[in-house]
Amino acid sequence: MTKTNGESSYRRFLDGDKNRIERLVVMHSDELVRYAYCYVKNSAVAEDIMEDAFASLLVKWKRFSERDNLRAYLYKITRNKCLDYLRLHKRQAPLNDYENVLVAKDLFYDVMHEERNRTLYKCIQNLPPQYAEVLYLIYINECIVEEVCELLKKSKKQVYNLLSRAKTALKELLKKEGISYEDV
């Protein structure tokens with residue numbers, strides 16, 4: 001069985017190679033921060049949650065088995081940490097730098113491209129949470145459908161239906177903002 005998404009680095013870490021955990025953090029930290037940000041709407045809290053997720057992975061390493069996908073497992077931990085945070089704080093903070101976190105992948109966007117992305121992310125924020133989450137996981141974080149199914153505890157058909165509804169709703173919002181869906 002070939003190991004992907006960092007499983008071999010994690011196994012080597014458990015076998016005593018302490019440098020491997022750094023490789024896992026570099027490999028997954030940005031996407032986990034962006035994912036957490038979708039829940040908590042605060043970049044500093046999202047970074048703390050990502051760090052807590054890796055700490056949980058190290059503390060609860062026995063729960064991760066050979067058959068699990070490490071990336072999906074990290075997403076589950078992150079999601080649970082976000083939900084715990086939201087339960088504790090019982091409030092939704094406004095999104096002020098959501099687009100900056102997601103656009104930060106490429107610093108060479110021109111002004112028009114950045115503006116279009118801001119509008120796109122603003123429209124995604126205005127979608128129901130399930131729609132935003134499935135769009136984020138599949139298109140921004142490039143998760144495969146099986147990972148999304150596992151993470152959301154839904155069948156493939158349910159994920160595809162949710163994705164279809166999310167794209168339709170996003171298309172309508174983009175029309176209102178004057179952006180052609182095909183441009184996205």
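Guide: Let's start at E31, which sits in helix α2, covering residues 20–40. Here a helix is a DSSP run of H or I with at least four residues, a strand is a run of E with at least two, and both are numbered from the N terminus. Before going further, note that this is a predicted model, in which local features need pLDDT of at least 70 and side-chain atom pairs count only at pLDDT 80 or more, while totals for chains, interfaces and linings use all residues. Residues are numbered from 1 along each chain as its sequence is written, and side-chain values use heavy atoms, leaving out hydrogens and water.

E31 counts as buried because its relative accessible area is 13%; buried means under 20%, exposed means over 50%, and partly exposed lies in between, using a 1.4 Å probe and protein chains only. Its side chain makes a polar contact of 3.4 Å with the side chain of Y75. Such a contact is a pair of N or O atoms within 3.5 Å; within protein, one must be able to donate a hydrogen and the other to accept it, and residues adjacent in sequence count only if both atoms are side-chain atoms. Setting aside neighbours within four places in sequence, E31 is in contact (heavy atoms within 4.5 Å) with R71, Y75, Y136 and N141.

Two of those partners, R71 and Y75, lead us onward: along with A72, K76 and R79 of α4, they meet E147, E150, L151 and L152 of α8. The axes of α4 (residues 70–89) and α8 (residues 145–152) come within 10 Å and cross at roughly 35°. Axes are lines fitted to C-alpha atoms, for helices over the stretch in contact, and angles run from 0 to 180 degrees between N-to-C directions. The residues of this α4 and α8 contact divide into 4 nonpolar, no polar and 5 charged. In this count, Ala, Val, Leu, Ile, Met, Phe, Trp, Tyr, Cys and Pro are nonpolar, Asp, Glu, Lys and Arg are charged, and the others, Gly among them, are polar.

Helix α8 also packs against α7, at an angle of about 145° with the axes 10 Å apart. There, E133, V134, L137 and I138 in α7 meet V148, L151 and L152 in α8, and these residues divide into 6 nonpolar, no polar and 1 charged. E133 in α7 is buried, because its relative accessibility is 13%. Beyond four places in sequence, E133 touches Y35, Y39, R79 and L152.

Stepping back, the protein has 9 helices and 0 strands, and 43% of its 184 residues are buried.
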